[in-house]
Amino acid sequence: MTAHSPSPTSAESDDSTGSDWRLPLEDGIVAVVKESCPTCRLVAPVLAQLAQSGVQLAVYTQDDLSFPPGISPVDDTELEASYRLRIEAVPTLLRIEGGKEIDRLSGWSRSAWETFTGIPDLGPGLPEYRPGCGSRSVEPGIAEDLEIQYGGSRLQARRITVAAMEDEIESCFQRGWTDGLPVVPPSPQRVLRMLAGTSRDPDEVVAAVPPDLVPCTVEKVAINAVMAGCRPEYLPVVIAALEAACTDRFNLHGVLATTYSVGPAVIVNGPIRRAIGMNSGINVLGQGNRSNATIGRALQLVVRNVGGGRPGEVDRATLGNPGKYTFCFAEDEEGSPWEPLSVERGLLEGTSAVTLFAGEGPRTIFDQLSRKPDALARSFAACLRSVAHPKLARDYEAIVVVSPEHGRVFREGGWSKKRLRQEILDMLVIPGEELVRGAGGIMEGMPTAETLPKFLPDRLWFVHAGGPAGLFSSIIGSWVAGEAGSQPVTQEVQS
Amino acid sequence: MTERLLLDPTSERASSRRERVPRPSTLEGLTVGLLDIAKYRGDVFLDRIEELLTARGLQVVRFRKPTFTKVCPPGLGRDITSRADVVVEALAD
Amino acid sequence: MTALEEQGIPGVIVASSEFRDAARYQAQSLGFEPVCVFVPHPIQDRTDQEIRDLADAAMDEILKSLTVTDSEQQA
């Protein structure tokens, strides 16, 4: 006797997208199988046994309409039922009462099936237990397609149609979505895969992005992260960078709107660096590493596309700098003579974090001869004098990226970061008569002849990074510091 | 290729339609380009259009695609955009 | 035409009425709809004077399609 073909009832699916799909019975057992699964083939006679014993039974088949034999299966080769019922393994049994699922089990276990169905002596001759197989609906690629097809309401972003004869990469250019370089077209599949990189909900608001102060959801970040070329595991870092950039302290609007040459620079600390393969070594400030390159780029694309901050519009930088394509790198903590930047800025050792800094393009400190820390510090100070202008003091901020060879000088000399900072700050107290406007025949300068420090104590930072060979370090100068300008912001990376 | 879908990366404040290039409010003072796409009789048609435009006091420049079957060669495209403000293409059938 | 529009120059295509369907399909597959002015088919076997008459008849529509009227100007 075969289980009669049940008529659909008004039972609802979990996913209320207004679809017509319904459970095939109001009360009874629903089974989901696929012929290609050995355990499903093993239990096919058990399903027949259940049907014959009078159980209300509906069996979904995922791949072969003639399977299981002797039972008229319900066609789920499109996998809609398996998706909506969140089937992860086959065979799966679901107990349905009043049109709702109240229990389920997967795989074959005689005792479990007997308890579940209330029918004794199931599957005589079968082994006690066999594990099941993966459901077709959760295979990679298929899972995302099903999500898009049946669970479409999860992705809220407006759909943009690329016409049949259009080149989707050109289309992204023409719609103004890029930074001048090609982007990865943000298909729903790619965005769904990206969203798997975070446990946050896609519709959670991350921040209000200047200049338009538009609330930016996790989904929108994911779309721009896809375009930037990020992998899903980078997404939490991009989200943290955006959160930090959109704080009042960082003043992203000011950073964007200024005619000065700065853009957001992202420095990454903690275990996340290794986990996502970031570069903190050779060519750390240059090209070639995917996580470095794409994380910084994703942030810029969000600012452009969600925030509306575009060159020629709110962004009226006179010159800009190449770092506005992307500026993101990892600190070399393992080889550093000092504590990481994030720890200095108040986080616990071992915390993954980003620090946002409104930075211009780096400029190199060349010193191949100073083997003692005080001499090298004097080199640093001499070069730092020119941040913004040698005759401007107090109002700027800088990061020194100290390379391993220079770092070794300070390690061997026993200088802590604190000491290095203080020595440089002291060396850079500049006489007012040098600073004042007009001095040296240069009209630029400070308004009075007051003696001033080049940097206030909390405006000089050191980060350890770079390749093992090379007696060079690098200065990243900032925009105007303090409340009038931008201040660095450190944000923990959360998954 | 088939139609494909992308998700909008923007704030969605602007329309998603691909807008046409904005048109001027008047042709006065502008140069009208007449592009013959090299189909039969297009030249006769455009000769008359040229007469009519010139009679209205408008500047006209004539262009011609070398062959109907291929797209506008890049040099011709640049020529048109640098010498004309608007363009009439004729005569497609 | 779309190549010219991409370069920022507004334009109009004059086509025979037979071209209407083809224009629609092309618009769908290119994702962009150019402005068209249609003249009655046939074209090829008309006399020169008839072609000139078609041009006279189409002139107003051509001028309109090259400019934006006050009522069409949007914010």
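**Salt bridges and a kinked helix**

A:Glu334 is exposed, with a relative accessible area of 52% (buried means under 20% relative accessible area, exposed over 50% and partly exposed in between, with a 1.4 Å probe and protein chains only). The model is predicted, so local features require pLDDT of at least 70 and side-chain atom pairs count only at pLDDT 80 or more, while totals for chains, interfaces and linings use all residues. Residues are numbered from 1 along each chain as its sequence is written, chains are lettered from A and ligands numbered from 1 in the order in which they are written, and side-chain values use heavy atoms, leaving out hydrogens and water.

A:Glu334 forms a salt bridge with A:Arg274, with 3.2 Å between the closest N and O atoms; a salt bridge is a side-chain nitrogen of Lys or Arg within 4 Å of a carboxyl oxygen of Asp or Glu. This pair links distant parts of chain A, 60 residues apart: A:Arg274 lies in helix H10 (residues 272-275) and A:Glu334 in the loop between strand E14 (328-330) and helix H12 (341-344). Helices (H or I, at least four residues) and strands (E, at least two) are DSSP runs, numbered from the N terminus. A:Arg274 is partly exposed, at 46% relative accessible area.

Over all chains, the structure holds 31 salt bridges. One of them joins A:Arg297 to A:Asp179, the closest N and O atoms being 2.7 Å apart. A:Arg297 lies in helix H11 (residues 290-305) and A:Asp179 in the loop between helix H5 (168-174) and helix H6 (188-195), so the pair ties together parts of chain A that are 118 residues apart in sequence. A:Arg297 is buried, with a relative accessible area of 10%.

In chain B, the side chains of B:Arg62 and B:Glu50 meet in a salt bridge at 2.7 Å, N to O. B:Arg62 belongs to strand E3 (residues 59-64) and B:Glu50 to helix H1 (residues 42-55), 12 residues apart. Both are partly exposed, B:Arg62 at 29% and B:Glu50 at 25%. In chain A, salt bridges that share partners join A:Arg273, A:Arg274, A:Glu333 and A:Glu334 into one network.

Helix H3 (residues 48-66) of chain C has 19 residues and reaches 25 Å from its first C-alpha to its last, close to the 27 Å expected at 1.5 Å a residue; the expected span is 1.5 Å times one less than the number of residues. A kink of about 45° is centred on C:Ala58, the bend being the angle between axes fitted to the seven residues ending at a residue and the seven starting there. C:Ala58 is also among the buried residues of H3(C), which include C:Ile51, C:Leu54, C:Met59 and C:Leu66. The buried residues of H3(C) pack against H1 and strand E4 (86-92) of chain B, together with strand E1 (11-16) and strand E2 (36-39) of chain C, where contact means heavy atoms within 4.5 Å.
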